[in-house]
Amino acid sequence: MKQIAALVIIFFGYLTVAQELTWYVEGIRFVGNDHIQRNELIPLMKLQPPDFFTRTEYSFSKLVDDISVIKQYYYGKGYLSASVQLAGIEKDTAIHGVAIRLRISEGVQTIVNPIVFYGNTIFSDSLLSTFIPLKENAPLDSVTYERSGRIIKDSLAGRGYHFSTIDRSIQINEKQDSASVIYEIEAGPVVLRGSLEIIGTEDIKRKIVEREVIMEKGEVMTSFEIAHSIRRLYGTGLFDYVILEPLDTGFVTSEMDTVTVPVLIQVVEADMFSIELGGGYNTEDGFYGTGEASYANLFSLGHRISLSTRLSTDLSFAQLVYSYPWIFGVPLFSDLIAFIERQEEIDFTGLFTGGLLSVNSHLDRRSWYRTWIQVKNTLWLQGIEPGENIDDDTRGNFVLLGAGYTRDQRNNLLNPGNGFFGFVEGEIAGPWIPWSDKFYRFKGDVRGYYSILQNTFKFASALFAGYVMEYGTDRNVPLQELFRVGKGGVRPVRGYDDEAVVFSDDNAGGGKLALILTPLEISFPIYRILKGALFIDCGRIWQSPDDIGLNDLKWSVGPGLRLVNLPIGLVRLDYGIRLDGDPDLEGRIHFGIGATF
C-alpha cells in the first residue's frame, strides 16, 4: 500500500514539474522594423502570439529558427546588411508566459538597376523582361532573382532549347543601394525527339506508354508537349510516378542548330487492383455507403473492369463497368456499363435494369465530348401507397441516344477559386423503335469562380437548366426520367425541402422543366481551416412548360461554414432562410461533403 501511495505522489509530482517546465508565448514585439511591418513578419514564425483559441509552446530552438527566417526574409527583400537580434525575454511565472522582443537593423535596401541579358538570340530583351518577375527599379529579391533565371531556361525549353545554360550574377555598388543583375544566356541547339528509352514497365506493354507521347520521332520537343505527355501518362491511372526528359548524350555542342537525342521515360507502375469503401451523410441523400472493387490492367493493355455499388435511402444501385481505352488505336475511350438500381421517391418506388455504351475523347486539355446509347428496362414500378399501381404510360422502357460537351477551366476540382465549368447535353429516346418510350431531353450547367487577395475571398455563381418532353406518342415521360432535386445534376434550393421546389398540386416529386440558380456565393476566412460563407439561391421545377412563371421561383439566402483541407475534402454546413413572405424567416440546414457546385 505504501508503494502505491509513493507511486501516486511521484506521478503527480512529475505532472507538476512538467507543467512548471512548459512556457507559452504571450507576446512578440519588434523594434527597428521601419519598412517591413509586424503583420508581415509574424506569419513567418513558428512561435506565435496567443489568440482566442490557442497558445504556442515556447522553446529557445524555435526562437533561433524564427530569427534566422526573419533575417533571410529581409535578405530576400533586398536588405542585404539587415540583422535580427534577440533584445530580451521576459517571463511571467504566474501564467507561464514569455514575452519576446526582437531588435531589427534593416540597413539600406538594394534596388535592381539595370537588368542585362547577354547572348540572348531567341527572344528580344524587351520580351524577356516581360517574362521574368524581377523588375528594374524594384528591390533586389533573391528568390525572384533565382526564379527569373529558371523562367528564362523554361522559356527556352518551350521553344525546344532543352540544353540551354543560364549564368547569372549580381554586381552591387559600394553604397549597397543599387545592383546590376546580369543573365548570360547560351541557348544551345533545338532538341528533336529520337528513340524512346522506357524504364519501369513490368506488367504493362510498352505500346501503352508510347501511345501517350504526343511528339512524333524527329519533331521538336517543347516543354509543353513534354508536360502534356506526362499528364496523359498519369491520366491512364496506371502509374504512380512518371519522368519524361530528353537525354543529354554528351555530344551536344553550342554550334549545332538541331540535335536528335533519345527520350528517357521512367515510370513506376501503380497497384492495379483496388478496393474502396466509403460512406457519409448529406441532407439530400441522408446516410449512404459506397464500395468499389476494380482491376486496371486487363490483358496488360490498360483495360479496366470495376464493380461498384451505392446504398442510400432513396437511390441504391450496382454497376459493372468495362473501360476500353484507345479504340482501334486512336484516342477514343469507351465504357460499357451494366446496372441495376432501386429508386424511391415521393411519388413512386421502382427497380430498373439496363446498360450503357459510351465513347468519349478530349478535344484539348480542358474540353471533351461524349456520345452514348442507353437501354433501360423497368422491372417493377409502384406508387408509395400500398397497392397503388402506376399507369402504363409512365412506366418507362426505352432506348436512348445522347451526346454532350464539357469545358472545365477550374484551377482546383475539389475547392475551385478561379475558373469556369460548363456542360451541355442532348438526348433522344425511342427514334424508329416502336416499343420504346419517346422523349427528348436537354440540360446544361454553367459555373463561374473568382477570387481576390490570394484566394482569401471567393465568389461563385452557377446556373442549371433542363427540359424534357415526350414526342410522337400519348405516353408521358417516365417518372424516373423527370428532373428531381439531387438527381441528374439538379442542385437543391437551400432552405427548402426537395418537394417544395416542385411546382405541383398533386404532391409530385419531379417535373419537365428545371431552373436552379445561385446568383452569388461568397466564402471568406474565419480561423485557419474554418471558412464562412454567404449565399443566395433560387429555383423551381415545373411539371409542364405551361406552368412556368418566374414569379414562382423559390428564393433563399443564408450563412454557411466550411472546413477545408481535410483528408476527405471540403465539409460544408449551410442554413438556408426561405424568402417566402413568412416573417419568421424559417429555413433548413443543409450538410454535405464537397463544394456546393
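In the predicted model, the lining of the second largest pocket comprises 10 nonpolar, 10 polar and eight charged residues. The volume of this pocket is about 850 Å³. Its lining is made up of 28 residues, and those nearest the pocket centre are R232, G235, T236, F333 and H362. Four secondary-structure elements each contribute at least two lining residues: helix 7 (223–235), strand 13 (315–324), strand 14 (333–344) and strand 15 (349–364). The largest contribution to the lining of the second largest pocket comes from strand 15, which supplies five residues.

The largest cavity holds about 30 Å³ of space. R491, P492, R494, T518, D537 and T596 form the lining of the largest cavity. Classified by residue type, this lining has three charged residues, two polar residues and one nonpolar residue.

A hairpin is formed by strand 2 and strand 3, with four residues between the two strands. Strand 2 spans residues 83–92 and strand 3 spans residues 97–105; the two run antiparallel and are joined by nine bridges. Within this pairing, E90 lies opposite A99 of strand 3. In the turn of the hairpin, H96 adopts a positive phi of about 55 degrees.

How values were computed. Residues are numbered from 1 along each chain as its sequence is written. This is a predicted model: local features need pLDDT of at least 70, side-chain atom pairs count only at pLDDT 80 or more; totals for chains, interfaces and linings use all residues. Side-chain values use heavy atoms; hydrogens and water are left out. Two strands pair if DSSP finds at least two bridges between them. On a 1 Å grid over the protein atoms alone, a cavity is a set of points where a 1.4 Å probe fits but cannot get out, and a pocket is an open set with protein on both sides within 12 Å along at least five of seven lines; lining residues have an atom within 4 Å of a point. Grid points are joined across faces, edges and corners, and a volume is the space filled by probe spheres set on the points. Ala, Val, Leu, Ile, Met, Phe, Trp, Tyr, Cys and Pro count as nonpolar, Asp, Glu, Lys and Arg as charged, and the others, Gly among them, as polar.
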